[in-house]
Structures are given as structure tokens and as C-alpha cells.
Amino acid sequence: MSAAIRVEVAYARPEVQAVERVVLPAGGTVLDAIRASGLLERFPEIDLAKARVGIFGLAAQLGDSVEEGDRVEIYRPLVADAKAARRERAGRSRSKRR
């Protein structure tokens, strides 16, 4: 009989954040945790074929094993390129100083 592990699964949109606690058999994967969380049904926009996932902010794959106490995170796609957004903010900041 394998031991059970407790894992959190998190997903956020700008207007709502969800964190679900799930219990999995030892050896469970990131995908197992996400499926058990019910977040795929609650947030139908999640497309695991495209979404990036992580464990405590570190990139992970759906087949990676999870351990007791892990926090699995499902990331939304970026709306803007981070580098482009920084350049734009820097440009606005420079023009305000002139």
C-alpha cells in the first residue's frame, strides 16, 4: 500500500485566484495533481497542451513527480512580451524626466 501525499494546485486570472489541495498516491505527477484539483473544469480556458506549469515557481513538465507539500502552478500565457514591456516603461520614464 503506497502512502498518500498532499499537494496544492494553483491557478490565477487577474480577477480570481484558486488554490486547491489534493491528495494523491505517492508517485503522482503534476498532471495527476492538476486533474485531481478540478481546476480544468472550473477554468475551461486552461489548455494543458499550451500552458506552462511549475512547482514552486520552477518550470516543470506534466509528467514530473510531485512530493508531499509541493505547490503545482498553472501559468497563463503572457499578454505582452516582458522585455518589450520593460522597454516601453523605461521610455515613458525617460520622457517624464525631460
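Contact here means that heavy atoms lie within 4.5 Å of each other. The exercises below concern a predicted model, and each solution goes step by step.

**Exercise 1. Describe the order of the secondary structure along the protein chain, and state what share of the residues is buried.**

Step 1. The protein chain has 3 helices and 5 strands, and reading along the sequence gives the pattern β-β-α-α-β-β-β-α.

Step 2. Of the 98 residues of the protein chain, 30% count as buried.

Step 3. Turning to the contacts with a separation of 6 or more, residues 24 or more positions apart account for 46% of them.

**Exercise 2. Determine which residues of helix α1 are buried, and explain why they lie on the same side of α1.**

Step 1. Helix α1 spans residues 30–37, and its buried residues are V30, L31, A33, I34 and S37.

Step 2. Because these residues cover an arc of only 160 degrees around the axis, they are placed on the same side of α1.

Step 3. At the end of the helix, α1 is followed by G38, whose phi is positive, near 80 degrees.

**Exercise 3. Find the residues with the most contacts inside the largest nonpolar core, and follow V30 to its partners.**

Step 1. The largest nonpolar core has 21 residues, and those with the most contacts inside it are V7, V9, V30, I34, V66 and V72.

Step 2. Two or more residues of this core come from each of the elements β1, β2, α1, β3 and β5.

Step 3. V30 belongs to the buried set of α1 and is also among the residues with the most contacts inside the core. When residues up to four places away in sequence are not counted, V30 touches V53, I55, A60, Q61, L62, D64, V66 and V72.

Step 4. The residue T29 has its place in the loop between β2 and α1. T29 has a relative accessible area of 17%, and because buried means under 20%, T29 is buried. With residues up to four places away in sequence again set aside, T29 touches L24, L62, G63, D64, S65 and V66.

**Exercise 4. Decide whether V23 and F56 are buried or exposed, and place each in the fold.**

Step 1. V23 is found in strand β2. Its relative accessibility is 56%, and because exposed means over 50%, V23 counts as exposed.

Step 2. Apart from its neighbours within four places in sequence, V23 is in contact with A4, I5 and R6. The C-alpha atoms of V23 and A4 are separated by 6.3 Å, although the two residues are 19 residues apart along the chain.

Step 3. F56 lies in the loop between β3 and β4, and at 51% relative accessibility F56 counts as exposed. F56 is not a glycine, yet it has a positive phi of about 50 degrees.

**Exercise 5. State the volume of the largest pocket, and classify the residues that line it.**

Step 1. The largest pocket has a volume of about 160 Å³.

Step 2. Its lining consists of Y11, E45, I46, D47, K50, A51, I74, Y75, R76 and P77.

Step 3. These lining residues divide into 6 nonpolar and 4 charged, with no polar residue.

Terms used. Residues numbered from 1 in each chain as written. Predicted model: local features only at pLDDT ≥ 70, side-chain atom pairs only at ≥ 80, totals over all residues. Heavy atoms only, no water. Buried < 20%, exposed > 50% of the residue type's maximum accessible area, 1.4 Å probe, protein only. Helix = DSSP H or I, 4+ residues; strand = E, 2+ residues; numbered from the N terminus. Arc of directions from axis to C-beta. Core = buried A, V, L, I, M, F, W, Y, C linked by side-chain atoms within 4.5 Å. 1 Å grid on protein atoms, 1.4 Å probe; cavity = no way out; pocket = protein on both sides within 12 Å on 5 of 7 lines; lining within 4 Å. Points joined across faces, edges and corners; volume = space filled by probe spheres on them. Nonpolar A, V, L, I, M, F, W, Y, C, P; charged D, E, K, R; others polar.
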